[in-house]
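Subject: Structure for your review

Dear colleague,

Please find the structure below, handed over for your use. My notes on what was found in it follow.

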Amino acid sequence: MQVYINGTSYEVIDDSIDINLTVEERSTASFTIRDKSSSLVFQKGEPVEIKDGNELLFGGVIEKFFKFPITVKGGFYFTVSCVDYHYFADKRIVADAFMDKMSGDVVRDVYDKYLKPEGIELAEVAAGDYVDEAIFNYIDAASVITKLARYVDNYIWYIDNKKRFYYIERGSLKAPWKVTPKDVRVNNANFEESSAMYRNKQYVKGAVDLTTEQTEIRIGDGHNRVFLTRYKLHSKPRVYVSLDGGEWVEQTVGINGVDRDMQFYWNRGSAEITQDSRAPGAENEREEGEEAPPEIPPLESNDRVMIVYIGQFETIYVTHLPAEIARMSRVDGSTGIVEAIEETSNIVDREGSLRHANSLLNKFGEVSKKINFITSRSGLEVGQTATVTLPLYELEDEEMLIESITISSEAQRPLYKVTAVKGPLHGSWEAMFNNIARLGEDQVERENLKETEQVVIPFEFEKQWAETEEPNIFKRTSNMDTMVGFYAGMTYTDRVKYMSWYRDGVERGRVAATQVTDGAVDTLHTMFHLQPNQANGHIDEFVWWGGASATEELGTGFIIDRQPFNREKINIELYQVTRYDYRWND
């Protein structure tokens, strides 16, 4: 094997070359050079290539080196450490935002702006999935691409030895030859089965989602000009005022701190609507001696303000693998549930959250198999999928992802130590400890609780509907005559409007739906939130209400469903209640 630095070949100590190639991590190489003349000079960032004849085994740059004397009479040894071409993605910072894009288009944009100028060639970028919104606030390009690959697509990405950039589906690159005993030192192979990353139920926490349109009415008190909404505002609200019981009159609304001469102000991410105290034009220049317009008085107790808005909220999404749960239950005799939590602030809608949760289950929802073997045959690369047949380890035509390759020299020839996995990647010890360190930082942050913090607890309920049930949320009466057996008012927006909580058989309160599926669907998804200041104490039962007659007033509307619930709620808990209604099959 031969080492080239900046295109110049150097004499390397026998068997000192060590190359470690790993998917989804920086690959590294090291070697020792003998400098008898004491004249060599190296610098961080110089390009390095390691070849076996014409075959390129490693391409990257110098990360660091150590220099020490050969003898007291002169000469030096240089132990040189290198990193692969991911270095170029690590050193560029991205400040950008994207909306309504496919993830592949976002990756291409990042490539064009940050990687192409570094001399990286575009090899392949898959289309990926839809991204509603992605904001990258001064983070390195490698982290940007990793977030998209992990949270959106469950892809892999890398820059190969020839500076070619790939963003592709797992398993899309096939190995050039099958792994069989003919090319493997079977006696040196070892097999491992691991469940360190296994889970069959996945929580995704910290994602931001949007409410359906909310309508809230607040009453003045003669003093207060700030009116709070139940959810933080996501987009410009509509505001109406009724003075002394009169008609609703729409008000002008502007951005607080930006707009002027508006009647009310708002900001995204705030739960406040603020009434202006100044009359329109109060800030305009006035002639000398001209009086300022009179101050607008705050709303009185017989005045009302109606706020119509789309809100935003942090949410938790849950998804699971029923077949895997049942299998684990048979194995360990328990519920079979193995849960994991992922915290993210990079996802801004329900679909993205569920895609991410499902991609994690697809990745980690099976027990991982790993085979380590040694071969002198070249051609295998990390990220490829190899067909492995090693009967000694009961592997028969198993499709396994090549996770890592370590290349060392044996009699001046490369020797490949290969790790292939089926299921979740095992990763290096370094990556594992880095992840543990980050988890530790998150844990410290979570344990230093403040008084304003709350615990979001998700609950799920479901109902399979029969066609004969009445009232029936899957039978719509809007725009058609009411028929015998139908309950008037079951329009799309009236199907599941409120959820109430019961204690000792009595309805104690109710909340409007936060999020509702619209239109004709076979599965209706509805979400409700009980805030920390709501429903505290024992809850015996949840009841859901629908119909045009259902309002915030207790007892109004038709009962859609009721489910027992036996739990004590306290004032630092926010309940996120999701229900799924399933239509019958025709």
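Setting aside residues up to four places away in sequence, glutamine 275 touches Arg225, Gln263, Phe264, Ile296, Pro297, Pro298 and Leu299, where contact means heavy atoms within 4.5 Å. Please note that this is a predicted model, in which local features need pLDDT of at least 70, side-chain atom pairs count only at pLDDT 80 or more, and totals for chains, interfaces and linings use all residues. Residues are numbered from 1 along each chain as its sequence is written, and side-chain values use heavy atoms, with hydrogens and water left out.

Glutamine 275 belongs to strand β23 (residues 272–275); strands (E, at least two residues) and helices (H or I, at least four) are DSSP runs, numbered from the N terminus. Its relative accessible area is 7%, so glutamine 275 is buried (buried means under 20% relative accessible area, exposed over 50%, partly exposed in between; 1.4 Å probe, protein chains only). A polar atom of the glutamine 275 side chain lies 3.4 Å from the backbone oxygen of proline 297.

The loop between β13 (173–174) and β14 (190–194) holds lysine 178, which is exposed at 53% relative accessibility. Beyond its neighbours within four places in sequence, lysine 178 is in contact with Asp183 and Thr387. Lysine 178 and threonine 389 are 211 residues apart in sequence, yet their C-alpha atoms are 7.7 Å apart.

Turning to charged pairs, the whole structure contains 29 salt bridges, each defined as a side-chain nitrogen of Lys or Arg within 4 Å of a carboxyl oxygen of Asp or Glu. One of them joins aspartate 183 to arginine 377, with the closest N and O atoms 3.0 Å apart. Aspartate 183 lies in the loop between β13 and β14 and arginine 377 in the loop between β27 (368–375) and β28 (384–390), so this pair ties together parts that are 194 residues apart in sequence. Aspartate 183 is buried, at 18%, whereas arginine 377 is partly exposed, at 35%.

Aspartate 109 and lysine 113 also form a salt bridge, at 3.1 Å between the closest N and O atoms. Both residues lie in helix α2 (residues 103–115), 4 residues apart, or about one turn of the helix. Aspartate 109 is partly exposed at 24%, and lysine 113 is partly exposed at 39%.

Lysine 497 and aspartate 494 meet in a salt bridge of 3.6 Å, N to O, and both of these residues are buried. Finally, a network of salt bridges links Arg26, Lys44, Glu63 and Asp90.

Yours sincerely

Terms used: Polar contact = N/O pair within 3.5 Å; in protein donor to acceptor, adjacent residues only side chain to side chain.
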